[in-house]
Amino acid sequence: MILIISKNIDRTTIEVMKWLSKMDKKFIRVQEDEVFEIKVIKKKVYIESHRNQFFLDEITSVWYRRGGLRFKRHQYNNASINTHMNEAQHWLEDYVIQTLESKKHINKQSNCHVNKLLVLEQAQKAGLDVPEFYLAENTDDVVLEKTITKSITGNVILESLNKNSDGIMYTKVINNREKKDFFISFFQEKIEKDFEIRSFYLNGQVWSMAIFSQNDEQTKTDFRKYNLEKPNRNVSYNLPKNLEQKIQMLMQSLDLNCGSLDFMKSGNNYYFLEVNPIGQFGNVSSDCNYFLEREIAKYL
């Protein structure tokens with residue numbers, strides 16, 4: 001039995017489920033609004049929600065997409081007993097999650113978020129070219145027009161930034177100096193790119209797509225500023241084998257067996273930008289006819 005952990009509305013999850021059904025593979029999908037209770041039946045660990053229930057040893061493989069397993073906590077009137085039982089319940093929950101992650105899996109709930117700064121350092125150790133980067137509280141040392149700044153957080157969406165709208169933080173070229181100091185921010189050398197590359201990694205295999213974003217002023221600095229009227233041209237692309245080997249070294253050092261990686265090509269150089277363990281890869285799959293959802297279903 002395959003366990004899929006996802007959010008309620010996720011198109012990629014649905015596409016993978018279609019392939020699993022076509023392959024006659026049995027699966028359970030856990031959604032973000034489910035709360036499980038841990039039980040034991042005939043010496044076997046059994047978890048149950050209002051929608052799903054299964055024995056732990058029934059699960060043969062796990063795909064962590066988004067969300068996460070949530071558990072019901074029993075509460076006790078005595079504060080001391082409640083503290084003790086909270087700890088006991090924590091370790092039971094930890095046992096369930098670690099047992100599931102020890103099975104054949106794609107991604108893990110325990111490391112679905114990565115520290116971008118540490119990733120860049122690991123990328124350098126793996127032999128990947130990384131644009132020079134640093135942290136600063138002011139723009140005193142910034143080389144104007146040749147330096148970019150972007151968020152170091154995983155989530156770049158600012159929910160309810162204004163009363164009726166959200167916001168998103170894009171990569172920005174620094175054109176002017178700030179007069180005052182500010183919160184520690186990330187700065188990086190601006191690379192004049194030929195094009196960008198989005199690569200999808202799964203258990204040692206790499207599928208890549210070239211994104212010709214530099215020809216459009218709107219997408220030149222950050223291709224996520226999508227031009228819906230005139231979209232960027234996207235084509236399948238083969239990375240050099242030695243680069244794919246370095247990608248594998250990086251992913252293994254991060255204990256990731258799946259993720260989306262971003263690169264920029266400039267002349268003969270490929271510059272690594274970042275990795276997203278739960279990254280979007282739908283356009284890589286569809287634009288390049290890679291059928292990556294099928295590859296995920298096959299692996300599971």
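This is a predicted model: local features need pLDDT of at least 70, side-chain atom pairs count only at pLDDT 80 or more; totals for chains, interfaces and linings use all residues.
Me: What makes up the protein in terms of helices and strands?
Reply: The protein has 6 helices and 18 strands. Its C-alpha trace spans about 65 × 50 × 40 Å along the principal axes.

Me: Why is Phe36 called buried?
Reply: Its relative accessible area is 0%. The cut-off for buried is under 20%. Phe36 is therefore buried.

Me: Where does Phe36 lie, and what does it touch?
Reply: Phe36 sits in the loop between β2 (27-30) and β3 (37-41). Leaving out residues up to four places away in sequence, its contacts include Val30, Ile47, Phe54, Leu69 and Phe71. Glu48, Arg70 and Lys72 are also among them.

Me: What share of the 300 residues is buried?
Reply: Buried residues account for 46% of them.

Me: Why is Ile184 called partly exposed?
Reply: Its relative accessibility is 43%. Buried needs under 20%, exposed needs over 50%, and partly exposed is in between. So Ile184 counts as partly exposed. The residue is found in the loop between β12 (172-173) and β13 (185-189).

Me: What separates Glu15 and Lys18 along helix α1?
Reply: They are 3 residues apart in helix α1 (residues 11-22), so about one helical turn separates them. Glu15 has 29% relative accessibility, so it counts as partly exposed.

Me: What makes Lys44 and Asp57 a salt bridge?
Reply: The closest N and O atoms are 3.7 Å apart. The limit is within 4 Å, so the pair meets it. The pair links distant parts of the chain, 13 residues apart. Lys44 is in strand β4 (residues 44-48), and Asp57 is in the loop between β5 (53-55) and β6 (61-64). At a relative accessible area of 35%, Lys44 is partly exposed.

Me: Why is Glu192 called exposed, while Lys190 is called partly exposed?
Reply: Glu192 is at 51% relative accessibility. Exposed means over 50%, so Glu192 is exposed. Lys190 has a relative accessible area of 29%, so it is partly exposed. The two form a salt bridge, with the closest N and O atoms 3.5 Å apart.

Me: How many salt bridges are there by this rule?
Reply: The count is 16. Asp10, Arg65 and Arg66 are linked in a network of salt bridges.

Me: How far apart are the mean positions of the positive and negative charges?
Reply: They are 5 Å apart, for 42 positive and 40 negative charges.

Notes
Residues are numbered from 1 along each chain as its sequence is written. Side-chain values use heavy atoms; hydrogens and water are left out. Helices (H or I, at least four residues) and strands (E, at least two) are DSSP runs, numbered from the N terminus. Buried means under 20% relative accessible area, exposed over 50%, partly exposed in between (1.4 Å probe, protein chains only). Lys and Arg count as positive and Asp and Glu as negative; His and the chain ends are not counted. The place of a charge is taken as NZ of Lys, CZ of Arg, CG of Asp or CD of Glu. A salt bridge is a side-chain nitrogen of Lys or Arg within 4 Å of a carboxyl oxygen of Asp or Glu. Contact means heavy atoms within 4.5 Å.
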